[in-house]
Amino acid sequence: MGYVRAGSERHEAAQPISDRGTVRLGVNGDADDDENLASKLDGVDAWLQSPVLAGAGRRRVSIYGGDLDVALPEHKGVLSDGMGYLFLDEDFSERTGAGIGRFFLQLG
């Protein structure tokens, strides 16, 4: 995942987060609906609060904060009970460089 670096760095975490966690993808055979706040690729939109108007593509990844706790056990609570949403432009796979989408957080 890439991002555009901000003009200045911010160090607000109690400890720097430099760990990398493990992400495992699995197929879930259960029905998906707008109440399913689990981390997922594509699927049905589910919003912690209200829908995010990204202005860039569509939501392709939802990340639940509790799943980040599993991936980064030394940094529990980074996303609290929130959700992260990655929006990608429709043609993102054919482009290179920055500016192919946006990432939003909704904190619980």
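Student: Why does Lys40 count as buried?

Tutor: In this predicted model, Lys40 has a relative accessibility of 13%. Buried means under 20%, so Lys40 counts as buried.

Student: What makes the contact of Asp32 and Lys40 a salt bridge?

Tutor: The side chains of Asp32 and Lys40 meet at 2.9 Å, N to O. The cut-off is within 4 Å for a Lys or Arg nitrogen and an Asp or Glu carboxyl oxygen, and the pair therefore qualifies.

Student: Is Asp32 buried, exposed or partly exposed, and how do you know?

Tutor: Asp32 has a relative accessible area of 30%.

Student: Why is the pair of Asp42 and Arg60 said to tie together parts of the chain?

Tutor: The closest N and O atoms of Asp42 and Arg60 are 2.6 Å apart, in a salt bridge. Asp42 lies in the loop between strand E1 (40-41) and strand E2 (58-64), and Arg60 in strand E2, so the pair ties together parts 18 residues apart in sequence.

Student: Which network of salt bridges includes Asp42 and Arg60?

Tutor: The network links Asp42, Arg58, Arg60 and Glu90.

Technical notes
Residues numbered from 1 in each chain as written. Predicted model: local features only at pLDDT ≥ 70, side-chain atom pairs only at ≥ 80, totals over all residues. Heavy atoms only, no water. Buried < 20%, exposed > 50% of the residue type's maximum accessible area, 1.4 Å probe, protein only. Helix = DSSP H or I, 4+ residues; strand = E, 2+ residues; numbered from the N terminus.
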